[in-house]
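Please read it alongside the sequence and the model.

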Amino acid sequence: MSKTYRVIASIFSSRTAAWLGCALASLVIIHSTAHAKNSSSSNTKTALRGVRVLVGRNVEAFNFRSANTLTFENIDGEIFHQTTPNQRVRIRVMNGEIKINGVADSMVAFIVRSLPDAPIKLSMRRKRGWSEAISYPGSFRCFISNAKKIHIVNQVEVETYVAGVVAREIWPTFAPQAYRAQAIASRSFALCQMQHRQSKEWDVTDGQSSQVYAGLREDRTGRLATQAAKYTEGIVCIYDDGTAPQIVRTYYSAACGGMTQSAAIFGPADDIPPLAGGVSCDYCKIAPRNNYRWGPVRYTKQVIFRLVAARNPSLRSLGKLRNLSIIKRSAQGRPVTIRLYGDDDQHENMLVEQFRLCLDGSKLRSSDFRMRVVGDAVIFENGRGYGHGLGLCQWGMEGQAREGKSAAEILRYYFPGSLLQRAY
Ligand SMILES: [Zn+2]
């Protein structure tokens with residue numbers, strides 16, 4: 001254990017315990033007495049409930065398989081179906097009715113577990129055919145969605161989830177301290193979501209709008225990610241304003257391009273000093289081509305209007321896109337709000353971050369650009385960074401790790417005023 005982490009471990013104070021009691025109480029499950037007797041510790045242990053990850057949205061057909069027995073429980077905890085090891089189970093939904101191996105049932109939700117615990121392989125039917133089976137740890141909760149299809153939620157232990165996310169969100173060649181910083185950021189983000197989405201059906205999704213997760217990864221990157229999760233187990237990034245400590249929603253993106261941006265533009269919930277942005281960073285210069293600097297990228301006004309209106313139907317009332325301009329910038333000059341002008345002097349405003357994702361986030365790589373309107377063409381140039389630019393800059397994290405900075409130093413740099421503490 002490094003000196004930094006000994007310090008972190010030692011600040012697991014009574015104040016933290018009190019905070020844990022309040023802030024995380026609803027996420028904690030108490031192990032049964034039997035479990036406590038069997039464990040090496042004589043004390044009853046507490047643990048966090050698992051993370052609920054939406055891995056399938058409005059799916060019509062999917063398969064489960066495990067090397068062990070799979071059990072299917074209804075919402076009362078009664079087992080109504082069981083497989084032999086390696087037997088594939090086919091699930092379909094038609095007109096809101098679930099069929100398991102062709103047998104219809106009137107239930108609206110069920111839970112799938114492997115007994116004894118083993119990875120469960122999931123394959124889903126997509127528009128272009130069946131997806132490759134992915135191995136997931138933990139269990140699944142499946143339920144009928146509003147669209148009369150099925151949502152599939154993987155329920156996974158927090159540290160296993162963190163390792164799974166790190167394995168997908170990090171570049172395999174990154175330094176060990178970067179892996180550890182990523183693990184703490186991914187854990188903090190997940191716990192923050194778990195706190196704020198208690199009453200919802202899931203805590204996180206498995207894509208880029210949340211944290212990328214695709215179950216278990218067993219190659220070298222997966223092993224390094226698991227090591228990083230273990231090394232930093234339970235450590236989260238918190239902000240304490242002197243009244244109520246809170247877990248920081250530790251956003252991260254590929255490269256900030258020179259300066260991080262404020263989370264406050266997305267709403268008041270994250271308007272706290274660690275997410276205020278304005279952290280200067282040229283460590284991400286080492287990022288691959290088109291990550292630190294990008295452009296020019298050219299669109300026509302017609303194409304922009306079609307793409308933006310496709311995701312925001314109310315904008316069709318503009319009739320046609322006649323012009324665009326940046327009407328609000330951050331203190332550091334980063335575009336924040338764009339105005340779209342239509343027929344008859346009508347106009348609508350959008351966050352530039354939303355605007356670029358309507359076009360193509362892999363072309364318009366960040367909201368930090370210069371925009372020129374030339375006749376019918378709109379040219380985005382002098383682009384800086386890749387991603388939303390909030391919080392942790394991942395290539396900056398790697399740049400700092402290569403210079404010998406620790407995970408704790410890196411996180412304190414990108415989340416100013418935050419502290420690392422053990423949540424459990
Ligand atoms: Zn950066």
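**Notes on backbone geometry and burial**

1. D344 has a positive phi of about 55° although it is not a glycine. This residue lies in the loop between β23 (335-341) and β24 (347-351). D344 counts as exposed because it has 8 C-beta neighbours inside 10 Å (exposed: 12 or fewer other C-beta atoms within 10 Å of a residue's own; buried: 20 or more; partly exposed in between; C-beta atoms are placed from the backbone).

2. The model is predicted: local features need pLDDT of at least 70, side-chain atom pairs count only at pLDDT 80 or more, and totals for chains, interfaces and linings use all residues. Residues are numbered from 1 along each chain as its sequence is written.

3. N95 also has a positive phi, near 55°, and is a residue other than glycine. N95 is found in the loop between β7 (89-94) and β8 (97-100) (strands are DSSP runs of E, at least two residues; helices are runs of H or I, at least four; both are numbered from the N terminus). With 5 C-beta neighbours inside 10 Å, N95 counts as exposed.

4. A cis peptide bond joins L115 and P116, with omega about -15°. P116 lies in the loop between β10 (109-115) and β11 (120-126).

5. Another cis peptide bond joins G295 and P296, where omega is about 0°. The loop between β20 (293-294) and β21 (297-300) contains P296.

6. Helix α5 (residues 176-196) has 21 residues and should span 30 Å at 1.5 Å a residue (the expected span is 1.5 Å times one less than the number of residues). Its end C-alpha atoms are 31 Å apart, which agrees. Of the 21 residues of α5, 18 are buried, so the helix is largely enclosed by the rest of the structure.
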